[in-house]
Amino acid sequence: MTEAAPLTETHRRTDARPPEPALLGQRSHPHRQGTDTGAGSGPPSRSLLAGLLRTARPKQWVKNLLVVAAPAAAGRLFTVHALTELALVLALFTACAAAVYLVNDARDAEADRAHPTKRHRPVAAGQVPVPVAYAVGGALAVLAPAAAAWLTAPAVAVLLSAYLAMQLAYCVSLKHVLVVDLVVVTTGFLMRATVGGLALGIPLSRWFLITTGFGALFMVSAKRYSEAVQMAGTAGATRALLTEYTTGYLRFVWQLAAGVAVLGYCLWALGEGGVPHTSVLPWRQLSVVAFILAVLRYAVFADRGTAGEPEEVVLGDRALALIGLAWLAMYGLAVANW
């Protein structure tokens, strides 16, 4: 009986505690979790739409502005017809790119969950179900070329179809093939730069294609190099193909591509037509300085291994942005023969 007394006293102390605060805390804990993570911040349909939008990579839509490159180079940008046509082509190309991103993330959902940053993508995180990503991506892949065939030049529809076929093949198998993966991504940039010319019937010069193509290869290989540097020694947290490349090889590729892009631009700027009589200054020749400075500035980030997100480098570095604006101004003045 004497041994039972402490138990009875303990029970009395325990029973005397009001259970409500603990129970209330247990009931409200999931609620607080939902508030912290944002899981319960809106209806499921709104969360799904937000996830689909994130999967479409809005930050990377800036790359699609390359559709104005050929018309701008030809001085045929500022007309009502050109602006209307290019806006339509820009929207269609963005839809095609979104389709590719959706299919890619649906296909790579399992692998992305093992990646330190890609695991937060909406499909990998479960915010967007894999079947939904496939369905929306497939619908965009069908509708965008069909709309292009109806609303724009036939060549645009053909190019968009070729872009989709190439990029979807890349998602399935080509991204696992050495060198071919670099060529496919580079060709995607080149297609963006040429589609505006096709939409307006503008002939594309060899210098434009050389500079654009190797400039794109420079950025793509610098991105791969940065990924390889940042993920070195991290097993299971990166794309398998990066283990096949060496950092020395990728460095060679981006340095070679940068050199050819600069050479192509210099041959265009210094070798064609001389200085127009109506120009105040040789803007085309002067633009070489800004172009080379931009390449050198971007190469700083490539060399550090921090060029893994090209759009963030271009938009996030103030010096590079100012150099780019200076180049754009001089290039525009050269095209306008001012």
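## Ground rules

Buried means under 20% relative accessible area, exposed means over 50%, and partly exposed is what lies in between, with a 1.4 Å probe and protein chains only. Helices are DSSP runs of H or I with at least four residues, strands are runs of E with at least two, and both are numbered from the N terminus.

What you have here is a predicted model, where local features need pLDDT of at least 70, side-chain atom pairs count only at pLDDT 80 or more, and totals for chains, interfaces and linings use all residues. Residues are numbered from 1 along each chain as its sequence is written, and side-chain values use heavy atoms, with hydrogens and water left out.

Let's start with α10, which covers residues 180–200. Most of α10 is covered, with 16 of its 21 residues buried. The expected span of a helix is 1.5 Å times one less than its number of residues. For the 21 residues of α10 that gives 30 Å, and the end C-alpha atoms are 30 Å apart, so the two agree. There is still a bend of about 30 degrees at T194, where the bend is the angle between axes fitted to the seven residues ending at a residue and the seven starting there.

V179 has a relative accessible area of 38%, so it counts as partly exposed. Just after α10 comes G201, with a positive phi of about 70 degrees.

Two packed helices are described by the angle between their axes and the distance between the axes. The axes are lines fitted to C-alpha atoms, for helices over the stretch in contact, and the angles run from 0 to 180 degrees between N-to-C directions. For α9 (residues 154–172) and α10, the angle is about 165 degrees and the axes are 10 Å apart. That makes α9 roughly antiparallel to α10; the labels are roughly parallel under 35 degrees, roughly antiparallel over 145, roughly perpendicular from 65 to 115, and oblique for the rest. The crossing of α9 and α10 is left-handed, meaning that the near helix is turned anticlockwise from the far one by less than a right angle (clockwise would be right-handed).

Next up are α11 (residues 206–230) and α12 (residues 247–271), packed at about 155 degrees with their axes 8 Å apart. So α11 is roughly antiparallel to α12. Their contact involves 19 nonpolar, five polar and two charged residues. Here Ala, Val, Leu, Ile, Met, Phe, Trp, Tyr, Cys and Pro count as nonpolar, Asp, Glu, Lys and Arg as charged, and the others, Gly among them, as polar. α11 passes α12 in a left-handed crossing. Finally, α13 (residues 283–304) packs with α15 (residues 318–335) at about 160 degrees, with the axes 8 Å apart. α13 and α15 are therefore roughly antiparallel to each other, and α13 passes α15 in a left-handed crossing.

F218 belongs to α11 and is buried, with a relative accessible area of 5%. F218 and Y298 are 80 residues apart in sequence, yet their C-alpha atoms are 9.7 Å apart in space. F301 lies in α13 and counts as buried at 14% relative accessibility.

G332 is in α15 and counts as partly exposed at 34% relative accessibility. The C-alpha atoms of G332 and S287 are separated by 9.7 Å, and the two residues are 45 apart along the chain.

## A positive phi at R57

R57 is in the loop between α3 (44–55) and α4 (69–73). Its phi is near 60 degrees, a positive value in a residue other than glycine. At 12% relative accessibility, R57 counts as buried.
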